Each structure stands twice: as C-alpha cells, then as structure tokens.
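Subject: Model for your files

Hello,

Please find the structure below, with the sequence. My notes on salt bridges and on one strand follow it.

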Amino acid sequence: MPNPAEAARILQKLRKLRVDTSRDTAFTTHLDRLLCRDEAGNLLPEPQRFSAGRETRGVMVVDGAGGGKTTLISRALERHPVLSGATGRHYLDASVPSPATFKSMAGVLLQRSGYPVITGIREGWSLWETLRGRLKDQGIIVLWIDEAHDLFCADRHLILRALKSLMQGDEAVIPILSGTERLHEIVRSDPQVQRRLSTLILPPVSEVTDGASFTGVIREYCRIAGLEPPLDGDLIPRLFHGARYRFGRCIETLIGAIEFAMEAQASRLDIAHFAEFWAMQEGCLLGGNVFLAPDWPQIDPDRNETNDPPVRARTRRRRA
C-alpha cells in the first residue's frame, strides 16, 4: 500500500478529478443559447441581445449546499471554447464577500478585474458603474457571482436593480448567479429580474437515475487509489442518503472513505471505510450511522440524535 507521501498525492489527484454528468450538459445548454453565433453556427464571444436588441439575459443555477454547483460552473467556464479560448478569458467570477453588501460586492468584482484598491469614500453605485466600464474594456461578457443567495441579506432592492443594469446598455454582460434554494425564492420575488434569467435547478441524485453511473465513478476512483472496488450491494443508496442526495457530498464522502482505506492499508474499499469517514464528519452515534444501521432510511442526517434511543448497528466486517 502507498506510503503517507504517496497517499497524499493520490488523494490530491482524486480531489482534482472532475466527473462529467448530464448536469454539465444542462448548464452548457443554458449558457450557449445566450451567446451569438456566426453564419456557420459557431459560438462567438459576444452576448446575444434580446428585447429588440436592448438587453442580454442570464442564468441562475440552484442547488443545495454541497451539491457541486460551484465546481460545475467553474469547470464549464474554464473549458468553454470561446469564453476561455484563443481570444483570451472573457468571464469574471467572484464569491459573495462578507459582509455581503452592494458596495462590498462591487468592490470585490472590481478588484478581481485588476482594479486598484478601493477607497472607503466611494459610493456603491459609483463602483458599480466603474465595474461596468471595466467589463467592457476587458472584453468580459460573462459575470459569475457564486453563493449569490448571501448577497440579498442586505441592500436587496438595490442589488436587484443592479442586476438588471448588468443586462442593459452597451456594457451589458451575461450574469450567472449560483446559490441555494433561497436564491431562487428571492429572484422569483422580482418578476423583472426573473424573466431575464433562465433557471437551472440541479436535481438531487437518486439510485434509479444515478446509481449505475456513480458505481462507475467509485470504480475509477478506486483504480486510481490502487484499491479493489467495494462489493456491498446497498452501498450506493446508503451513500446517497448520507450525502443528502447531493452530488458534491457523494464525491467528498467517497474520497474520505478511500483515505480511511489507505490508512488501514486495506486492499479493498468497503462500507466500513465509508462508515468511519461519515462518523468523523457527522459526529454521529454508532446507531445513527447510515452505513451501519439496519434501518438507515429512517435516519435523518441533519437531526441531532444525541438524545435518541440507541439503534442496533449493522455488524462491521473485518477489513481486507
């Protein structure tokens, strides 16, 4: 089995892997329809104009915490043939800062664009107008704001107004907002903003639609780690349940289980390694571990089970 240095290298490689799914295709479809095409149908680094050519449109991507939306969007933009192609990078991205205000968001975006340090005396709307000019000067046509649900905790109406301004005028760009279900609720409260954003709600994983493909993911990760894949027939449904049916959490749990397997110098990844990682991550009691309890579908991973009556745990198998 690998020594600690080699194990660390393998884990780092696994964390950098990107798993393509139908979710990637769905996002690319939303984005590409907002870009212009030449006469041959090839995409151009130019936003499509709507409403008689007066404004652009955007995309809102919604998923629960740990769903993998940030990785999905980041990978799509990095790979995009015209947004990251031979003509340079045509997108700007930033996560919502803390404190999340209109002015702080404008300042962060300006700094991400290479603008000098912002002084405290400038007004938020002045910064926003400067940002619009810089986006045009730098050839930026897509502006991605991640964790956008946090942006509406303060200055809500001002931010909604600013979003509309991003899609209007000569400096108009394609905004991408990503966040939790709260983002969807907020945007829906403003019909003018909602109609300008297509909505991609990333569905939770399920055994029926994703079980076979995720089994393939586990096999590939095990191959890279030098482990035999698990034989446990009920691993996938337990994994999906414990990961709250979020794709990103499934991957994180898989890598954590592989880490425990390598530390134990096991030759095969099995459900006990998933149980060990999940117990460490969740701080749950033995009977509340979805990988060990016989009645695991009844376990709510987000419930504090410290005071619950004990549940008979599944008998652990000895590691290989």
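Glutamate 129 and arginine 132 are three residues apart in helix H5 (residues 124-137), so about one helical turn separates them. Helices here (H or I, at least four residues) and strands (E, at least two) are DSSP runs, numbered from the N terminus. The two side chains form a salt bridge, with 3.7 Å between the closest N and O atoms; the term means a side-chain nitrogen of Lys or Arg within 4 Å of a carboxyl oxygen of Asp or Glu.

This is a predicted model, in which local features need pLDDT of at least 70 and side-chain atom pairs count only at pLDDT 80 or more, while totals for chains, interfaces and linings use all residues. Residues are numbered from 1 along each chain as its sequence is written, and side-chain values use heavy atoms, with hydrogens and water left out.

Arginine 132 is buried at 9% relative accessible area, whereas glutamate 129 is partly exposed at 38%. The cut-offs are under 20% relative accessible area for buried and over 50% for exposed, with partly exposed in between (1.4 Å probe, protein chains only).

Arginine 132 has a salt bridge to glutamate 171 as well, where the closest N and O atoms are 3.0 Å apart. Glutamate 171 sits in the loop between helix H6 (156-166) and strand E8 (174-179) and arginine 132 in helix H5, so this pair ties together parts 39 residues apart in sequence. Glutamate 171 is partly exposed, with a relative accessible area of 27%.

The structure has 20 salt bridges. Another one joins the side chains of aspartate 93 and arginine 89, at 2.4 Å from N to O. Aspartate 93 is buried at 16%, and arginine 89 is partly exposed at 44%. Asp20, Asp24, Arg75 and Arg79 are linked in a salt-bridge network.

Now the strand. Aspartate 93 has tryptophan 144 as its bridge partner in E7. Strand E6 (residues 91-95) pairs with E7 in the parallel sense over five bridges; pairing requires that DSSP finds at least two bridges between the two strands. E7 also pairs with E8, in the parallel sense over four bridges, and valine 142 stands opposite isoleucine 174 in E8.

How many of the residues of strand E7 (residues 142-146) are buried? Five of the five are, so the strand is largely enclosed by the rest of the structure. Val142, Trp144 and Asp146 point one way, and Leu143 and Ile145 point the other. In a regular strand, side chains alternate between the two faces of the sheet.

Regards
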